[in-house]
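Student: I would like to go through the terms used for this model and see what each one rests on. Please set the values against the cut-offs.

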Amino acid sequence: MEDVCEGKEFSFPQQEESILRFWSSIRAFETQLKRTELMPEYIFYDGPPFATGLPHYGHILAGTIKDVVTRYQSMNGHHVTRRFGWDCHGLPVEFEIDTKLGIRTRDDVLAMGIANYNEECRAIVTRYVKEWEEVITRTGRWIDFKNDYKTMDLKFMESVWWVFAQLWKKELVYRGFKVMPYSTGCKTPLSNFEAGLNYKDVSDPAIMVSFPIVGDPHNAALVAWTTTPWTLPSNLALCVNADFVYVKVREKSSGATYVVAESRLSQLPSKKSKSESGGAVVPAQDASLPNSKSKGTTNSKAKSGVDAGSYQLMEKITGASLVGLRYVPLFDYFMNCSEAAFRVVSDNYVTDDSGTGVVHCAPAFGEDDYRVCVASGIIKDVDLFVAVDADGCFTKEITDFCGRYVKDADKDIINAVKVKGRLVSIGSIMHSYPFCWRSDTPLLYRAVPSWFVAVEKIKSQLLESNKQTYWVPEYVKEKRFHNWLENARDWAVSRSRFWGTPLPVWTSEDGREKRVIGSIDELEKLSGAKVTDLHRHNIDHITIPSEHGSEFGVLRRVDDVFDCWFESGSMPYAYIHYPFENVEVFEKNFPGHFVAEGLDQTRGWLFYTLMVLSTALFEKPAFRNLICNGLVLAEDGKKMSKRLKNYPSPTEVIDDYGADALRLYLINSPVVRAEPLRFKKDGVYGVVKDVFLPWYNAYRFLVQNAKRLEVEGFAPFFPIDCETLQNSSNVLDQWINSATESLVHFVRQEMDSYRLYTVVVPYLLKFIDNLTNIYVRFNRKRLKGRTGEEDCRTSLSTLYNVLLTTCKVMAPFTPFFTEVLYQNLRKVSVGSEESIHYCSFPSATGKREERIERSVMRMMTVIDLARNIRERHSKPLKTPLKEMIVVHPDSDFLEDITGKLREYVLEELNIKSVVPCNDPLRYASLRAEPDFSILGKRLGKAMGAVAKEVKSMSQADILLFEQTGEATFSGHCLKQNDIKVLREFKRPADVTEKEIDAAGDGDVLVILDLRADESLFDAGVAREVVNRIQKLRKKAGLEPTDIVELYYESLEKDEKILEKIVNSQGEYIKDALGSPLLHKSWAPSEAVIFCQEEFQVQFSHEEIPSLSFIIIIAKPALVFNAEAIVALYSGNNKYAENLQTYLSSRDLFNLKSEFPAGNGKIKVDCIENQPSVDLELGKHLFLSVADFYLSRKTG
């Protein structure tokens, strides 16, 4: 393996760029597809975005989710075709062309020519394809851009025709009207989803209008309230609620008689006396409008009774008795409808928490108005006249306001109502109103002729299809989407536009004969025309002869094109040109295995249109598994806005921290649980700091110590096979191997359940933390070779295999970083794959030691508790302590912590002994407390009695409860999670808190003896000296593999104090530093010093309050046995000097390698004019002063 740099010098973005070049050079994605082409298919549907804009975090999030899942499935033995798709048709494209060319009306397009207009659209749909490919590729996503699909491709459009033709054959298609949010700026209706994207607070007029009842004996008039005066010219009915009580009241000052709901009487205006107001009408209270389509709402809650000062109660009447009454029309524009219109109808959509309880109905401009008027026979759904044109202006039928934009005409309409004496009150209202998200113009609710899919016919089948799918999170399926399906309305799939897939409907001039075409071949055979493109300008001229004969003329195509949502919903069939091609592939793998999209698409592509079309066509869902993500918002919680610049660009974040960090940040957030994410750039940095750097440091530690073996003259490192490693006797080897198996098992379990958000937190973070802070930290001696070569290779091999397995497990999530590590790790693994993404995902069939895992985790708890005690009493870890008692009822754990784990606990906590205790009452008293947060809602009024019983539990009761796991109180069975068992330390009577203290977590109790022990002082000093030397090494920029000599010099008057401590603690110091600490007198005069520093260390010791000393770090120097070397040359001192000069010039690393290769000997025959000699290590020379010192010490 090659050397690696420090973590602070490792550039994640630069390494990722390097990996991209590597993948490109080996054609990694294409190779993976080729290697898996004979494996079972895993079908993934990728919803097409528009290429008229650049990708944002929402696209990157969805792309990351899709990439993680498909990479995982590829590593699990599937062939996963991943083709990128482009949404090419529809409003976003047309709006850009309209803006570019200054097109304002439909007539402008017709004047320009549909062919010219469509070709303009075609020219821009792939404008940003190159930028998309660059960004998506840079995020690490593997997807095929070269073999992409486009909704404007001939084959795709033909499959869309086939889908529609199938629906027609199933009698699931009809033509009708639908009131929809309509953009006059874009000249098109919008989906309800789009209508909700741009609400603004605006001020609108709020008026009450009277409608005199024909033949009423009191000349009474019904009163309706509206904030859309422009709809009044199209009024055809009034709607009441049949279940409400209405009142007829006379205004005392004018004698006018009005009818309103009793509960809404307070909304009628009051007229004060002339002395008070000059006869002016006091308008009803303004209020905010809860529904922008409502024509009559105020939000002040109704008062009961009658205003005795203004109105006199005439009578109370039921809403049902009002139904059928006729009233005097406000305008005479629709008098031709008077036979059926201008009467009172009823419906439950009229509520008593708003308006007057009377709603004016203009069926062309309100969804409920239209529904009620059709149901009541006011209009027929095929005969509706819409008095507002595509530009939002009144048509010629509205003679008084013809050509006026409806919103601009509000004031004049109000004046006309006033002139007619029908204005009851006037005011204004500030409310939230929808605007077009593209043109920023107010939306109108307008009836639009459309072709519909009869969704309501198949509602029960849709609900059944939904049951067959698996969603993450599940509540979106069970609640949000289920409720949407329950209330699903027929789907308007056509748009009166130009750039889109044309509806394949040909009709006769009278509309009675219709022909729906399902393929190009069918159209060519029926028309005799050659078809090479299906866009309007290439087929609108094509006619089809009537099947009734030439005298019936020809059929011409209707003007409409498909809503682009219909194209997207057809994607599972159209992207592979089904049923014209790929029949077997489709039918063997439908429904698809996986889709992913945002929560905002609940009523859009992923959730709705896919489900409707697949159910209508095949009585199946389109997909089996689904991940629903939430919205990515700016840090301030607002929508990300280029104009506001309230978020960092994705490129900036990737350039700073890398794509892997961004990927992990996104999938480790609430957004993967369909909740919103407030994007924070610091959060991406947090992933680098908390996940990648600790992971990298563990990897770097492995590489450094593998290289150290060679530096120290041993054979190069090659990992021991996994099967052998499973039999390691070292407890931490057993633990980390088991923990790695648990990681594999957990990730497999979660990924198979499509729960991406649980993989990173808490599991991966905890695993990496355990790897670095337990396995590597506690095994440093073994990993550095201090316990012998064989043990070193075992521990290094264990760490190697853990890192390799972790990389494979995390490869779908962090494809770059795992590839970087893998490319170096594979250098010592024979027969390894060229890329980590060719590897199989690890199987969870290895050995798992649950006892060991549990014991190590409890050990860490013990260590944390003991550290807390030390901190409370200002006892730093450098101060040795005599004894720690661990109290726990589990004998296996106590056996482990005083046996296999003992040495790690002693060293980590700097204590001399660990004493086990399995009697929980010996050092603690037990107390039970009910968990109110869990039990409060569950028990309700019984909580008090149950709590009293729980708190009165005896010690024996609590022990029995812990043993059995349940107990019954006042008839309620409580489990272990319902009761907190608190262990309170019982300090012996003869000691104080400063002498013995304890800490517990409810599971284990730790007792620490804090009393000073003179015999431990030397160990404390040695630990402090080692700490200073390690910091000095780091300060000098030395690598762990750099071999050095260590010297000290005491600055105390009595030098013997430090010398005595160093000698008594020599083994500990050598084990900790890898080299003995020698007195300065051992340093040769020619020693090359790397660094030296003076230290003064304070101690809480009466006789030795502090120690001052100098630490010197020097380059290793050869030590020669001059007499033995001279003897080699038979007393020739000159030869001996030449040999020493030659050896001193040699590289120490090479010498360390040569002597072991010659069994401790080397031959020197390269010195000119000197005889060759055989040198023996330890006899003629030593490779360091430390080696010489140790030989003298043992000798």
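Student: Why are α1 and α30 called roughly perpendicular to each other?

Tutor: In this predicted model, the axes of helix α1 (residues 12-26) and helix α30 (residues 815-825) cross at roughly 75 degrees and come within 9 Å. Angles of 65 to 115 degrees count as roughly perpendicular, under 35 as roughly parallel, over 145 as roughly antiparallel, and the rest as oblique. The pair α1 and α30 is therefore roughly perpendicular. Axes are lines fitted to C-alpha atoms, for helices over the stretch in contact, and angles run from 0 to 180 degrees between N-to-C directions. Helices (H or I, at least four residues) and strands (E, at least two) are DSSP runs, numbered from the N terminus.

Student: Which residues make the contact of α1 with α30, and how do they divide by class?

Tutor: Contact means heavy atoms within 4.5 Å. From α1 the residues are Phe12, Gln15, Glu16, Ile19, Leu20, Phe22 and Trp23, and from α30 they are Pro815, Phe816, Phe817, Glu819, Val820 and Gln823. Nine are nonpolar, two polar and two charged. Ala, Val, Leu, Ile, Met, Phe, Trp, Tyr, Cys and Pro count as nonpolar, Asp, Glu, Lys and Arg as charged, and the others, Gly among them, as polar.

Student: What makes α26 and α29 roughly parallel?

Tutor: The axes of α26 (residues 731-752) and α29 (residues 789-810) cross at roughly 10 degrees and come within 10 Å. With that angle, α26 and α29 are therefore roughly parallel to each other. Their contact includes Ile736 and Leu743 of α26 and Val802 and Val809 of α29. By class it has six nonpolar, seven polar and one charged residues.

Student: Why is Lys407 called buried?

Tutor: Buried means under 20% relative accessible area, exposed over 50%, and partly exposed in between (1.4 Å probe, protein chains only). Lys407 has 17%, so it is buried. Lys407 lies in the loop between α12 and α13 (410-419). Leaving aside neighbours within four places in sequence, Lys407 is in contact with Asp204, Trp230, Tyr433, Pro442 and Leu444.

Student: Which residues of α12 are buried, and what do they pack against?

Tutor: In α12 (residues 367-375) they are Asp369, Tyr370, Val372 and Cys373. These pack against β3 (173-183), β7 (237-240), β13 (343-346) and β14 (359-361).

Student: How do you know that β42 and β43 pair?

Tutor: Two strands pair if DSSP finds at least two bridges between them. Strands β42 (residues 1161-1164) and β43 have four bridges, in the antiparallel sense. Ile1162 stands opposite Leu1175 in β43. Leu1175 belongs to the covered face of β43 (residues 1173-1176) along with Val1173, while Asp1174 and Glu1176 form the uncovered face.

Student: What makes β17 and β25 edge strands?

Tutor: The open sheet has the order β17-β26-β25, with parallel pairing. β17 (470-472) and β25 (592-598) each pair on one side only. The twist averages 15 degrees from one strand to the next.

Student: How is confidence in the model expressed?

Tutor: As pLDDT, the predictor's confidence in each residue, from 0 to 100. The protein chain averages 89, and 95% of the residues score at least 70. Helix α10 (residues 274-277) has the lowest mean, 39, and helix α8 (residues 154-169) the highest, 98.

Student: Which conventions apply to the model?

Tutor: Residues are numbered from 1 along each chain as its sequence is written, and side-chain values use heavy atoms, with hydrogens and water left out. As this is a predicted model, local features need pLDDT of at least 70 and side-chain atom pairs count only at pLDDT 80 or more, whereas totals for chains, interfaces and linings use all residues.
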